[in-house]
Amino acid sequence: MTLVKTPALIAVAGSLVLAGCVDATTGEPNRTRNGALIGAGIGAAAGAIAGDGSRADEIAAGAVVGGLVGGAIGSRLDRQAADLRAQLGDDRITITNTGSELIVTMPQDILFATDSANLRPDLQSDIRALAGNLQQYPNTTVQVIGHTDSDGSAAYNQDLSERRARAVAGVLLEQGVSGSRVVPIGRGESQPVATNNTAAGKQQNRRVEIVITPV
């Protein structure tokens with residue numbers, strides 16, 4: 001009997017994910033199903049890897065179980081993301097569903113003045129909406145991660161990112177989100193998403209990311 005190798009299963013899972021993430025009619029990403037399909041692919045690959053590789057049926061079973069679990073997590077994240085999009089009032093806030101977690105990105109410039117860790121009062125409503133969503137979906141952990149551009153010293157930027165992360169986390173806690181779920185983290189200038197050689201790039205790097213992970 002020919003054994004089914006783990007890499008083959010991973011490749012099949014990956015192809016299913018990619019096929020399902022694109023609308024067959026328009027060719028555009030299918031945002032409603034992405035989380036569930038990506039989660040299923042991740043789970044299937046993880047389930048296959050978890051097998052010892054000695055029997056094809058065991059590997060396949062692990063992939064199936066992993067796919068079901070991953071798909072369920074992805075579907076739950078799809079629902080949470082849809083609710084959160086409806087609750088937030090600023091389209092500059094982006095929500096990315098990776099299939100295993102949600103990443104809510106808030107540009108720093110809509111939250112804080114330059115060199116400040118004091119939240120703008122008019123933007124706290126969106127953070128309160130996020131807190132309500134987190135209470136609606138309680139089985140998650142939350143990392144609040146502050147990022148800066150490279151202007152100034154690395155030490156200064158690290159401190160500023162930590163204070164900004166704590167400021168956002170503080171509003172979540174004030175709104176009733178359990179402190180055991182929320183971890184503020186500062187990354188300073190160490191994880192840019194764009195070049196720091198242009199004003200536009202620096203603007204993208206100045207951000208707070210809220211990473212929501214199911215437990």
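Let's start with R207 and E209, which form a salt bridge whose closest N and O atoms are 3.1 Å apart. Buried or exposed, where do these two partners sit? Both R207 and E209 are buried. Do keep in mind, everyone, that this is a predicted model.

How many salt bridges are there in total? The count comes to seven. Some of them join up: D109, D149 and R206 are linked in a network.

Now compare the pair R92 and D90, where the closest N and O atoms of the salt bridge are 2.8 Å apart. R92 is partly exposed, with a relative accessible area of 47%. D90, on the other hand, has 13%, so it counts as buried, the cut-off being under 20%.

Next, over to helix α5, which covers residues 154–174. Here the side chains of D159 and R163 meet in a salt bridge, at 2.9 Å from N to O. The two residues are four apart in this helix, so about one helical turn separates them. D159 is partly exposed at 34% relative accessibility, and R163 is partly exposed too, at 29%.

With a relative accessibility of 0%, S161 counts as buried. What does its side chain have close by? A polar atom of that side chain lies 2.8 Å from the backbone oxygen of Q158. Leaving aside residues up to four places away in sequence, S161 touches G146, H147 and T148, and also I185, G186, R187 and G188.

Definitions and conventions: Residues are numbered from 1 along each chain as its sequence is written. This is a predicted model: local features need pLDDT of at least 70, side-chain atom pairs count only at pLDDT 80 or more; totals for chains, interfaces and linings use all residues. Side-chain values use heavy atoms; hydrogens and water are left out. Buried means under 20% relative accessible area, exposed over 50%, partly exposed in between (1.4 Å probe, protein chains only). A polar contact is a pair of N or O atoms within 3.5 Å; within protein, one must be able to donate a hydrogen and the other to accept it, and residues adjacent in sequence count only if both atoms are side-chain atoms. Contact means heavy atoms within 4.5 Å. A salt bridge is a side-chain nitrogen of Lys or Arg within 4 Å of a carboxyl oxygen of Asp or Glu.
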